[in-house]
Amino acid sequence: MRQLLINGEVFQARELIQGVHIYFLIALLSLASLLVILSIVKSKFTGQVLAANIFILLLGFLFLSWYHYKIFMGVELVDPLNRVVMGRLRAPLWIENEKLYFWAIFLGLFSYAVYRRYKEGLFSRWLNIAFSAFIFLTMLSSSPFSSPLPGLFKEILNYQAAMGSGDVNIQVQNFQSFYGRVEYYYNSAYMWIHPPLLFISYAALIVSFLASVFMLIKREELYDRIAYSYAKLGYLILTLGMLVSYPWALTAWANEPWWWSPKINMSIIMWMFYTAYLHSRLHLHRRGMWNATAVLGMLCFLTLVLTYITTYVIPGVHSYG
């Protein structure tokens with residue numbers, strides 16, 4: 001009798017990921033701390049340490065990608081009625097506790113781009129500090145290595161237990177439930193497009209936020225250009241990410257009032273704020289618009305934070321609250 005198969009390599013891969021957790025934790029926190037120190041003292045080695053941070057993050061991402069590959073190869077979805085293999089699990093690389101990690105990678109890449117362009121500039125140093133703080137936040141609150149994909153792994157184990165129960169009714173019920181979730185969530189093409197676009201845009205918008213703060217305090221044109229450049233980049237990617245999710249929402253939540261989900265409404269509010277910011281900048285030469293644009297740039301980021309938090313604290317079809 002064929003069942004949902006989980007071969008031993010999936011468990012071995014998970015144990016290996018958990019085993020390297022402490023090494024990635026020490027390496028990333030040490031490098032992040034060193035980056036803060038070197039940025040403050042204006043060391044000539046700041047760029048090398050920043051690059052080392054990004055390298056370790058990318059190395060960790062390769063490890064996580066390998067774990068996803070093991071899940072793909074090691075887990076089969078088998079119909080309990082006819083024993084036909086219905087498919088495999090293609091879990092995206094930015095779900096559960098991998099979200100902040102993926103976000104951190106692009107924040108690092110944008111920080112390095114700013115460093116390369118402005119070298120030892122004050123803004124670059126503070127962006128490095130912000131990037132280091134984000135690494136601390138990620139590794140201490142949501143490390144993907146300490147417990148790799150806990151929700152998905154629990155679903156797999158629960159389904160495996162159902163398939164091994166010997167009760168056909170339980171097998172069919174669990175198969176239909178899990179198979180539907182795999183098809184409409186984990187294996188959905190939109191899950192491979194929509195979330196990464198949002199996280200990349202969020203990383204760009206962090207840079208824009210920090211530049212808006214500098215714009216208000218320093219009142220120099222340089223910071224306005226940085227804030228605008230990264231706001232424009234983040235806005236375009238954000239807009240694309242929101243647009244491609246629309247057909248998916250129609251299919252996945254066909255019978256649910258998804259349009260009124262707090263997360264979706266907050267996302268639209270955030271998008272409108274950034275639209276207002278980009279329009280505000282067109283009138284920057286007018287009296288009072290310099291401060292207004294800088295403050296608006298900071299408020300935009302506040303809506304981004306609230307949008308992200310809404311997912312976890314307010315109930316809705318697009319939330320975990």
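Predicted model: local features only at pLDDT ≥ 70, side-chain atom pairs only at ≥ 80, totals over all residues.

A: The side chain of asparagine 187 has a polar atom 2.7 Å from the backbone nitrogen of arginine 90. Residues are numbered from 1 along each chain as its sequence is written, and side-chain values use heavy atoms, with hydrogens and water left out.

So where does asparagine 187 sit? You'll find asparagine 187 in the loop between α6 (168-186) and α7; helices here are DSSP runs of H or I with at least four residues, strands are E runs of at least two, and both are numbered from the N terminus. Asparagine 187 counts as buried because its relative accessible area is 9%; buried means under 20%, exposed over 50%, and partly exposed in between, with a 1.4 Å probe and protein chains only. Leaving out residues up to four places away in sequence, asparagine 187 touches Arg88, Leu89, Arg90 and Val182, where contact means heavy atoms within 4.5 Å.

Leu89, along with Trp103 and Phe123, has the most contacts inside the largest nonpolar core, which has 92 residues. Such a core is a set of buried Ala, Val, Leu, Ile, Met, Phe, Trp, Tyr and Cys residues joined through side-chain atoms within 4.5 Å. Helix α7 (residues 194-218) gives the most to this core, with 14 residues. In soluble globular proteins, nonpolar side chains tend to be buried together. Phenylalanine 123 shows the contacts with names attached: not counting residues up to four places away in sequence, it touches Val114, Val207, Leu210, Ala211, Phe214, Tyr223 and Ile226.

Serine 143 is in the loop between α4 (122-141) and α5 (150-163), and serine 143 is buried because its relative accessible area is 5%. Its side chain makes a polar contact with the side chain of histidine 21, at 3.4 Å. Apart from neighbours within four places in sequence, serine 143 is in contact with His21, Asn97 and Thr138. Arginine 83 lies in the loop between β1 (76-78) and β2 (85-88). With a relative accessible area of 32%, arginine 83 is partly exposed, and a polar atom of its side chain is 2.2 Å from the backbone oxygen of proline 80.

Now zoom out to the whole chain. It has ten helices and two strands, running α-α-β-β-α-α-α-α-α-α-α-α from the N terminus on. Buried residues make up 50% of the 321 residues. Of the contacts between residues at least 6 apart in sequence, 79% join residues at least 24 apart. Along the principal axes, the C-alpha atoms fill a box of roughly 75 × 45 × 25 Å.

Terms used
Polar contact = N/O pair within 3.5 Å; in protein donor to acceptor, adjacent residues only side chain to side chain.
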